[in-house]
Amino acid sequence: MRRLSTLYAAIIAFALASIARECAWATDAKIEAGATIYGNYCSNCHGDELRNTSGGVTFDLRRLGAADHDRFVNSVLNGKSQMPPWRDVLDIEQIESIWSFIRATVDR
């Protein structure tokens with residue numbers, strides 16, 4: 001019985017390690033996609049690699065906290081102040097990729 005429990009524990013540990021590797025890969029791919037999308041659509045106003053050099057003219061995305069996700073998505077979809085809405089340009093998956101890039105950059 002003890003050997004069976006050890007075997008089950010080993011199988012579960014192997015499965016969890018495999019899942020974790022897949023999740024890490026997906027996250028890395030999403031961050032990379034977000035960096036590309038950010039570079040193509042956002043960096044002109046918000047700065048390369050989130051380095052805002054506008055002197056306060058545009059929002060510094062490094063100020064977004066992890067709890068600001070909904071605010072970010074709403075601003076991208078609907079626009080805010082001088083920022084135009086991107087609803088008809090970017091889909092939600094692209095917006096989430098940008099968010100992943102922002103979080104990975106700010107939270108390092």
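Guide: Welcome! Two residues are in contact when they have heavy atoms within 4.5 Å of each other. This is a predicted model, where local features need pLDDT of at least 70 and side-chain atom pairs count only at pLDDT 80 or more, while totals for chains, interfaces and linings use all residues. Residues are numbered from 1 along each chain as its sequence is written, and side-chain values use heavy atoms, with hydrogens and water left out.

Visitor: Which residues beyond its sequence neighbours is Ser75 in contact with?
Guide: Ser75 sits in helix H3 (helices are DSSP runs of H or I with at least four residues, numbered from the N terminus). Its relative accessible area is 14%, so Ser75 is buried (under 20%; exposed is over 50%, partly exposed in between, with a 1.4 Å probe and protein chains only). Once neighbours within four places in sequence are set aside, its partners are Lys80 and Met83.

Visitor: Where in the protein is confidence highest?
Guide: The mean pLDDT (the predictor's confidence in each residue, from 0 to 100) is 85 for the protein, and 79% of the residues reach 70 or more. Helix H1, residues 2-41, has the lowest mean, 72. The highest mean, 97, belongs to H3.

Visitor: Which residues of H4 does H3 meet?
Guide: On the H3 side, the residues taking part are His69, Phe72, Val73, Val76 and Leu77. Their partners in H4 are Ile92, Ile95, Glu96, Ile98, Trp99 and Ile102.

Visitor: What is the phi of Glu49?
Guide: Glu49 belongs to the loop between helix H2 (43-46) and H3, and is partly exposed, with a relative accessible area of 39%. Most residues other than glycine have a negative phi. Glu49 is not a glycine, yet its phi is positive, near 50°.

Visitor: Is Ser81 buried or exposed?
Guide: Ser81 lies in the loop between H3 and H4. Like Glu49, it is a residue other than glycine with a positive phi, about 50° for Ser81. With a relative accessible area of 78%, Ser81 counts as exposed.

Terms used:
Helices (H or I, at least four residues) and strands (E, at least two) are DSSP runs, numbered from the N terminus.
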